[in-house]
Amino acid sequence: MKQLLTLFILLLSLASFANEPLLQNTYSREGISLNGRWNYIVDVYESGYYNYRREPHDQTENPGSGAFFLNKKAKSKQERVEYDFDYAPTMVVPGDWNSQKENLFYYEGTLWYKKSFDIPDFDPTQRYYLHFGAVNYVADVYVNGQKLGTHKGGFTPFNFEMTDVVQSKDNFVIVKVDNKRSADEVPTLSTDWWNYGGITRNVTIYALSETFIEDYSLQLDKENDGLISGYVRLNGNHKGELEVTIRIPELNIKEKVKTNKEGFVKVDFPVKNLQKWSDQSPILYDVILSTENDKVEDRIGFRQIKTQGADILLNGEKVFLKGIAIHEENVMRGGRAYSMEDAKILLGWAKELGCNFVRLAHYPHNENMARLADEMGLLVWEEIPVYWTIEWTNETTYQKAEKQLTEVITRDKNRASVIIWSMANETPQSEERLTFLTRLAKSTRQLDNTRLITAALEDHGKKEDPNIMVVEDKFADVVDILSFNQYYGWYGGTVENIKNIRWEIDKNKPVIISEFGAGALQGYHADENTIWSEEHQDLLYRETLPTLAKIPQLSGISPWILVDFRSPRRMHDVYQNGWNRKGLISETGNRKKAFYTLQNFYKKVVDTL
Ligand code: GCB
């Protein structure tokens with residue numbers, strides 16, 4: 001009997017791990033924001049999660065009073081409860097904990113958040129969803145003492161339905177967040193960025209009708225630029241087929257389609273006089289999808305992106321990607337960036353640099369970034385944190401990577417700005433890794449065959465002639481764009497010799513130099529041969545840019561990196577102080593010399609390529 005019960009509890013807990021389908025375009029829905037101050041308890045030993053036999057409270061029959069998700073209160077002077085959220089300190093959500101509390105600066109572990117909420121105009125006929133923009137890394141979510149589910153992956157959105165557990169007043173949500181690194185996770189133990197923990201993006205409640213528009217994809221057909229195609233998916237207990245109307249008023253489009261019994265319908269309709277979205281002219285159209293009792297509005301750009309030989313074609317025309325790599329940090333405030341205002345700072349700097357392209361490294365950034373890039377005319381590379389030494393043979397690790405990729409593709413598939421999905425960064429070669437990445441690429445193509453696939457690979461000097469650089473990687477056969485990071489003059493090689501090197505790329509594919517760079521402490525001036533000086537970084541840029549320009553297949557670059565970023569790997573107390581100094585802008589917002597060199601290159605040189 002006891003075994004059966006254990007099995008039942010295990011099945012229950014597994015069921016709760018299945019995330020629910022992601023709500024598309026939450027921007028168009030009026031939600032109830034749970035942003036603001038949340039109480040928190042730091043739980044180093046996870047004693048609010050496990051009982052003293054190390055069994056998870058939420059998987060035991062009678063969770064004891066130590067189970068934090070119950071939000072227990074002592075009801076009498078004899079009752080012992082060893083925590084109380086209402087007396088706990090508070091911090092701001094969204095926001096990482098490291099930059100908000102000095103004593104949590106280096107913290108990697110479990111922290112519990114709690115917030116009380118009411119639902120104004122509560123309507124028992126509606127369905128209520130709790131949506132998180134992202135939580136790093138594992139989130140266990142409970143509402144009113146009931147577990148809604150668990151989500152893993154620090155940079156993608158997720159939501160849970162909570163219709164059966166909420167009421168109009170006196171609700172509470174408790175989230176256990178754990179950002180411990182682990183060898184089998186994605187990312188794995190070692191990275192070169194700060195492991196900011198916490199509820200790092202918005203938390204919002206959405207009230208939805210019984211049957212609502214869950215997801216849709218609308219894009220210009222890859223081959224036929226007179227056709228918009230995609231699908232709409234409804235969610236609900238509807239019976240039979242339902243009508244969906246898609247309107248694009250400026251194009252005089254009003255399409256009525258019927259879903260199948262599962263609420264799904266493929267769409268395909270001709271379009272005339274469309275002004276295509278491009279970096280030069282980022283035209284977005286109002287798109288309105290409606291059913292009998294739901295409506296979502298979006299702003300969508302329509303464009304085509306493909307490769308032809310060694311060229312990247314945007315709407316049939318060759319485009320050179322004048323890029324920059326970006327980490328998702330707002331250095332001016334400190335910590336993870338999360339708001340539209342943060343996105344405006346970062347993408348505004350990229351524009352000032354003269355970019356038409358950004359590499360959002362090394363994990364999915366906030367949805368604001370892609371939405372703003374749509375408005376600003378920036379082409380976007382998005383990636384998942386399959387970085388360095390992932391466990392290639394671990395099936396669960398693969399599933400985690402694929403899930404993160406699926407979540408970001410699901411979220412951003414209607415963004416014209418996003419043209420590239422990148423599978424990985426600087427991963428060491430092996431057959432297992434090739435299988436892993438090829439599988440990821442295949443699954444990406446199944447999810448979205450309209451965008452280009454790449455991965456940041458590595459180059460090396462030939463044995464016979466170290467001045468000849470090559471990329472010998474079988475994954476190069478799988479990708480649409482051959483991208484690689486190269487640090488000649490910083491990690492190996494000398495700056496003086498940069499002019500003598502050349503790349504031999506034997507593939508007829510577009511090439512992106514996904515990284516190059518050198519560290520410099522802003523304000524530190526010396527002769528150009530002095531490492532860490534602004535002059536030295538600038539010299540490396542002046543030498544590298546013309547050398548790269550000689551690669552016949554060169555279709556873009558995204559130097560490393562827009563802004564200095566926090567990294568626990570960078571401990572030199574004079575020059576680094578916990579910051580990776582390869583930024584063109586310092587953590588105080590000041591431009592370094594190389595910023596202007598790259599800006600100048602983008603203004604003048606690129607057009608002649
Ligand atoms: C790289 C990595 C990037 C690092 C950078 C560096 O190749 O892709 O994540 O931050 O080098 O600064 O070493």
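User: Which residues line the second largest cavity?
Analyst: In this predicted model, the second largest cavity is lined by Leu22, Leu23, Gln24, Asn25, Thr26, His131, Pro157, Glu367, Thr410 and Arg411. The volume of this cavity is about 70 Å³. Its lining divides by class into three nonpolar, five polar and two charged residues.

User: What makes a space count as a cavity and not as a pocket?
Analyst: A cavity is a set of points where a 1.4 Å probe fits but cannot get out, whereas a pocket is an open set. The structure holds seven cavities of 30 Å³ or more. The largest cavity has a volume of about 120 Å³. Its lining comprises 14 residues, and Asn136, Tyr137, Arg181, Pro187 and Asn195 lie nearest its centre. Five residues of that lining are nonpolar, six are polar and three are charged.

User: What is the peptide bond from Asn136 to Tyr137, cis or trans, and how do you know?
Analyst: The bond from Asn136 to Tyr137 is cis, with omega near 5 degrees. Tyr137 sits in the loop between strand S6 (135-136) and strand S7 (138-143). A cis peptide bond also joins Trp560 and Ile561, where omega is about 15 degrees. Ile561 belongs to the loop between strand S33 (554-557) and strand S34 (565-566).

User: Why is Asn144 called buried?
Analyst: Buried means under 20% relative accessible area. Asn144 has 19% relative accessibility, so Asn144 counts as buried. Asn144 is in the loop between S7 and strand S8 (146-152). Phi of Asn144 is near 50 degrees, which is a positive value in a residue other than glycine.

User: Is Asn252 buried or exposed, and what is the reason?
Analyst: The cut-off for exposed is over 50%. Asn252 has 73% relative accessibility and therefore counts as exposed. Asn252 too has a positive phi, near 55 degrees, in a residue other than glycine. Its place is in the loop between strand S15 (243-248) and strand S16 (253-258).

User: Why is His57 called buried?
Analyst: His57 has 5% relative accessibility, and the limit for buried is under 20%, so His57 counts as buried. His57 lies in the loop between strand S2 (36-42) and strand S3 (90-93). Not counting residues up to four places away in sequence, His57 touches Ser47, Gly48, Tyr49, Tyr50, Asn51, Pro63, Gly64, Gly66, Ala67 and Phe69.

User: Why does Leu353 count as buried, and what is it in contact with?
Analyst: At 0% relative accessibility, Leu353 is under the 20% limit and therefore counts as buried. Leu353 is in the loop between helix H2 (340-352) and strand S24 (357-360). Leaving aside neighbours within four places in sequence, Leu353 is in contact with Ile324, Leu562, Leu584, Phe595, Leu598, Gln599 and Tyr602. Contact here means heavy atoms within 4.5 Å.

User: Where does the largest nonpolar core lie, and how do you know?
Analyst: The largest nonpolar core has 89 residues, and those with the most contacts inside it are Ile324, Val386, Met423, Leu440, Ile557 and Leu598. Domain 1 (2-208) and domain 3 (315-604) both give residues to this core, so the core lies between them. A second, separate core of 31 residues includes Ile119, Val143, Leu148 and Val203.

User: What lines the largest pocket?
Analyst: The lining of the largest pocket has 31 residues, with Ser217, Tyr231, Lys413, Leu447 and Asp448 nearest its centre. Two or more lining residues come from each of strand S13 (212-220), strand S14 (227-235), strand S17 (264-270), helix H4 (395-412) and helix H5 (431-447). The space in the largest pocket is about 750 Å³. By class, its lining has nine nonpolar, 10 polar and 12 charged residues.

Note on methods:
Residues are numbered from 1 along each chain as its sequence is written. This is a predicted model: local features need pLDDT of at least 70, side-chain atom pairs count only at pLDDT 80 or more; totals for chains, interfaces and linings use all residues. Side-chain values use heavy atoms; hydrogens and water are left out. Helices (H or I, at least four residues) and strands (E, at least two) are DSSP runs, numbered from the N terminus. Buried means under 20% relative accessible area, exposed over 50%, partly exposed in between (1.4 Å probe, protein chains only). On a 1 Å grid over the protein atoms alone, a cavity is a set of points where a 1.4 Å probe fits but cannot get out, and a pocket is an open set with protein on both sides within 12 Å along at least five of seven lines; lining residues have an atom within 4 Å of a point. Grid points are joined across faces, edges and corners, and a volume is the space filled by probe spheres set on the points. Ala, Val, Leu, Ile, Met, Phe, Trp, Tyr, Cys and Pro count as nonpolar, Asp, Glu, Lys and Arg as charged, and the others, Gly among them, as polar. A nonpolar core is a set of buried Ala, Val, Leu, Ile, Met, Phe, Trp, Tyr and Cys residues joined through side-chain atoms within 4.5 Å. Domain bounds come from an automatic or database domain assignment.
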